Amino acid sequence: MHHCIVIGGGLIGMLTARELAAEGIRVTLLEQGRVGRESSWAGGGIISPLYPWRYDSSVTALAKWGQQHYPQLATSLRKEGKIDPEYTKSGLLILEPEDIEDAIDWGRQTKQSIVTLGKPGINDCEPALTTASSQAIWLPEVAQIRNPRLTKAAYQAIKNRVQIRENTTVSGFEVKAGRLQGIRVDSSVLPADQAVVCAGAWTGKLLKNFVTRPTIEPVLGQMILFRAQPGQISRIVLHEDRYVIPRRDGRVLVGSTLEHRGFDKSTTEQAKQTLQAYALARFHSLREAVVEHHWAGLRPGSPSGIPYIGQVPEVEGLYLNSGHFRNGVVLGPASARLISDIILGRSPILPPEPYALNSPR
Ligand SMILES: Cc1cc2nc3c(=O)[nH]c(=O)nc-3n(C[C@H](O)[C@H](O)[C@H](O)COP(=O)(O)OP(=O)(O)OC[C@H]3O[C@@H](n4cnc5c(N)ncnc54)[C@H](O)[C@@H]3O)c2cc1C
């Protein structure tokens with residue numbers, strides 16, 4: 001294989017393009033808007049699923065690989081892209097999970113560092129917390145990364161090795177005798193015999209005419225950002241499915257909502273107030289801080305959050321790397337490596353079967 005087209009310039013598309021280009025493949029990346037401006041820009045950057053023990057082992061396997069490789073990826077991107085994505089091991093403190101025994105079992109089985117804390121331990125772990133929680137799970141190894149910096153660094157790292165065409169919308173595929181022949185772009189066709197769809201929340205729409213198609217739907221998430229003082233909060237704190245993420249410069253993200261309203265990306269005053277009240281109830285020190293920003297992104301929602309990584313069964317040469325739902329940042333590096341292994345016929349980093357398009361989810 002000499003040439004591969006990557007459709008979609010989010011984190012998944014950029015990491016996939018980077019993997020393929022590193023093997024000497026000529027890569028063209030097509031992006032309908034600007035690269036790295038959708039879900040990959042909007043996310044929180046926690047390098048772990050929320051409540052990680054609640055996921056299928058196929059998600060855990062991708063996450064674990066990503067967690068092991070992120071320090072090196074962040075260093076490489078900083079060197080290649082000249083932007084520091086701020087990989088920071090701030091740990092994940094999960095307050096009052098209802099299934100604490102399951103969490104402990106999972107930690108034992110997957111050999112993840114996991115500690116149960118009572119009230120004094122919680123206070124020591126995050127002194128800025130002002131709620132009186134009696135039980136928590138502490139995952140000290142969990143890190144975070146700053147999404148807008150990560151996507152910028154990824155873009156900088158690939159821009160001289162990959163042909164990037166922004167404002168280019170793919171509308172369909174030319175297929176003959178079960179083989180990919182080309183990619184439809186506006187009114188023309190780009191000849192192609194290999195392509196990977198990394199179109200995030202838009203993937204289901206793009207593949208809607210295929211017999212075997214992925215179930216991927218946009219799931220909106222709103223976030224707010226406080227401008228606070230550096231060091232005021234130091235841990236990622238998760239409680240009742242919402243979280244607070246402190247950045248190095250003192251900014252604090254609070255997320256997120258889970259909304260099903262198609263491709264509408266508008267923010268609402270109600271979500272802003274809910275997220276703000278959530279944060280202020282747990283961190284009184286944020287009462288002094290202003291909400292600097294409020295935004296929304298479309299997650300590529302898939303059943304059980306298991307991404308689709310593999311070939312579209314009815315079309316030779318057409319591959320998918322989509323549907324990472326709430327975990328595209330943590331799953332992205334393994335997922336990009338795995339799809340590249342499949343395309344290039346290399347020995348895969350993980351058994352690919354659970355991620356196949358026709359695998360039950
Ligand atoms: C609020 C929020 C918080 C999150 N927090 C976390 C977290 O803490 N940790 C974590 O791991 N994950 C998190 N996520 C999830 C993560 O952000 C996503 O899973 C991930 O960004 C998906 O990456 P992607 O590249 O598939 O999608 P995207 O970043 O959306 O990229 C897809 C790209 O494809 C382009 N495209 C679509 N259709 C076409 C077409 N027809 N032609 C050309 N281009 C096309 C789009 O314009 C877009 O740029 C969060 C998401 C949100 C919204």
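Predicted model: local features only at pLDDT ≥ 70, side-chain atom pairs only at ≥ 80, totals over all residues.
**Entry 1: domains**

I started with the overall layout. The protein is divided into two parts: domain 1 takes in 1-91 + 143-214 + 303-361, and domain 2 takes in 93-141 + 217-301. I looked up the distance between their centres, taken over C-alpha atoms, and found 26 Å. To the contact, domain 1 brings 35 residues and domain 2 brings 45 residues.

**Entry 2: the interface**

How big is an interface? The size is often given as the accessible area lost when the parts come together. Here I noted about 3400 Å² buried between domain 1 and domain 2, with carbon and sulfur atoms giving 56% of that area. Which three residues of domain 1 supply more of its buried area than any other three? I found Tyr51, Trp53 and Phe325, which supply 21% of the area that domain 1 buries against domain 2.

**Entry 3: around the ligand**

Next I turned to the ligand. There are 36 residues around it, and Glu31, Ser40, Ile46, Phe325 and Arg326 come nearest. By class, I count 15 nonpolar, 17 polar and 4 charged residues in the shell.

I then checked oxygen atoms of the ligand against the protein backbone. A polar backbone atom of Phe325 is 2.8 Å from a ligand oxygen. For Gly328, a backbone N or O atom lies 2.9 Å from an oxygen of the ligand. Val329 also has a polar backbone atom 2.9 Å from a ligand oxygen. On its own the ligand has 1000 Å² of accessible area, and the protein covers 98% of this. Helix H1 (11-22), helix H2 (39-42), strand E11 (217-227), strand E15 (290-301) and helix H9 (328-344) are the elements that each give two or more residues to the shell.

Why do I place the ligand between the domains? Both domain 1 and domain 2 give residues to the shell, so the ligand lies between them.

**Entry 4: backbone details**

Last, I looked at two loops. Gly255 and Ser256 are joined by a cis peptide bond, with omega about -15 degrees. Ser256 sits in the loop between strand E14 (251-255) and helix H8 (269-282).

My other stop was Asp241, in the loop between strand E12 (236-239) and strand E13 (242-246). Asp241 is not a glycine, yet its phi is positive, near 70 degrees.

Methods: Residues numbered from 1 in each chain as written. Heavy atoms only, no water. Near = heavy atom within 4 Å. Polar contact = N/O pair within 3.5 Å; in protein donor to acceptor, adjacent residues only side chain to side chain. Areas by Shrake-Rupley, 256 points an atom, 1.4 Å probe, with all protein chains shown as cover. Helix = DSSP H or I, 4+ residues; strand = E, 2+ residues; numbered from the N terminus. Nonpolar A, V, L, I, M, F, W, Y, C, P; charged D, E, K, R; others polar. Domains from an automatic or database assignment. Contact = heavy atoms within 4.5 Å. Buried area = accessible area lost by both parts, 1.4 Å probe.
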